[in-house]
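Visitor: Hi, could you walk me through this one? I'd like to ask a few quick things as we go.

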Amino acid sequence: MRLKVASYNIHKAVGLDRRCDPDRILAVLREIDADVIALQEADRRFGDRASVLPRQAIDDHSPWRAVPLRTRTDSIGWHGNALLVRRGIEVVHAEPVALPMLEPRGAVFAELLVAGKPLLVAGMHLDLSGLRRRHQLRAVLDHLARCGRKGPAVLMGDFNQWSHARGAMREFNGDWTQLVPGNSFPSRQPVAALDRIVVSSQLNCIAKGVHHSALSALASDHLPVFAELSA
């Protein structure tokens, strides 16, 4: 199995020019051309919490589909977190993961079949509070341990974590490898590696990086991060 994964905080599709432009976000995603994508801030904050990326636009104008979570009718995710997978990748199971929180936070989890092999994926957007981040990350790891589903795993999202080795990252033991693709925030002149990808020991990292293009520098306040993996 070989695939490319990516994580992108799309800031509700509002760019640095203060325009809400879902088509621009989809254009950035096409630049990255990943097989599995974790999105953060993919829903509107108020009202019916509808997705800022219309499902029809994803279905009609992209090579991906949203992993079905069966939460709100017009949402593609849970507390702003969503997963997109390239067509041809089978979704065996998907569900939201409740996180301990003071502000709206959540995670999403899916078991996929990639080239006939299982892959577990979790996308998340962790709290600004360091202690709360540790609790939330522990909740995701506990969910993986208890769910009874087997296979290599990828955890990715906006961890809101500045340090590579301290804080919430101490929750990972030797069974996990933390990939820090590079500084991704703020998008104009990134100084912090808030967006992370963490993989289980069954996965090898072939390449990793931050997708910094003219379009991505404008489309959101975060840059997308990616990793090419094999198993």
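This is a predicted model: local features need pLDDT of at least 70, side-chain atom pairs count only at pLDDT 80 or more; totals for chains, interfaces and linings use all residues.

Visitor: Let's start with β10. Is it buried or exposed?

Guide: Strand β10, residues 195-200, is mostly covered, with six of its six residues buried. Buried means under 20% relative accessible area, exposed over 50%, and partly exposed in between, using a 1.4 Å probe and protein chains only. Strands (E, at least two residues) and helices (H or I, at least four) are DSSP runs numbered from the N terminus.

Visitor: Which residues are on each side?

Guide: D195, I197 and V199 are on one side, and R196, V198 and S200 on the other.

Visitor: And which strands pair with β10?

Guide: Strand β8 (residues 153-158) pairs with β10 in the antiparallel sense over five bridges, and L155 stands opposite V198 there. Strand β9 (residues 176-179) is also antiparallel to β10, over four bridges, with W176 opposite S200. Pairing here takes at least two DSSP bridges between the strands.

Visitor: Switching to N9, where is it?

Guide: N9 lies in strand β1, residues 2-9, and counts as buried because its relative accessibility is 0%.

Visitor: What does its side chain make a polar contact with?

Guide: The side chain of D158, at 3.0 Å. A polar contact is a pair of N or O atoms within 3.5 Å; within protein, one must be able to donate a hydrogen and the other to accept it, and residues adjacent in sequence count only if both atoms are side-chain atoms. Leaving aside neighbours within four places in sequence, N9 has contacts (heavy atoms within 4.5 Å) that include H125, D195 and H222.

Visitor: How many disulfides turn up?

Guide: Zero in a search of the whole structure, counting cysteine sulfur pairs within 2.5 Å.

Visitor: Last one: what sits over the ring of F226?

Guide: The charged end of K4, 4.7 Å from the ring centre. That label needs NZ of Lys or CZ of Arg within 6 Å of the ring centre and within 35 degrees of the ring normal.

Terms used: Residues are numbered from 1 along each chain as its sequence is written. Side-chain values use heavy atoms; hydrogens and water are left out.
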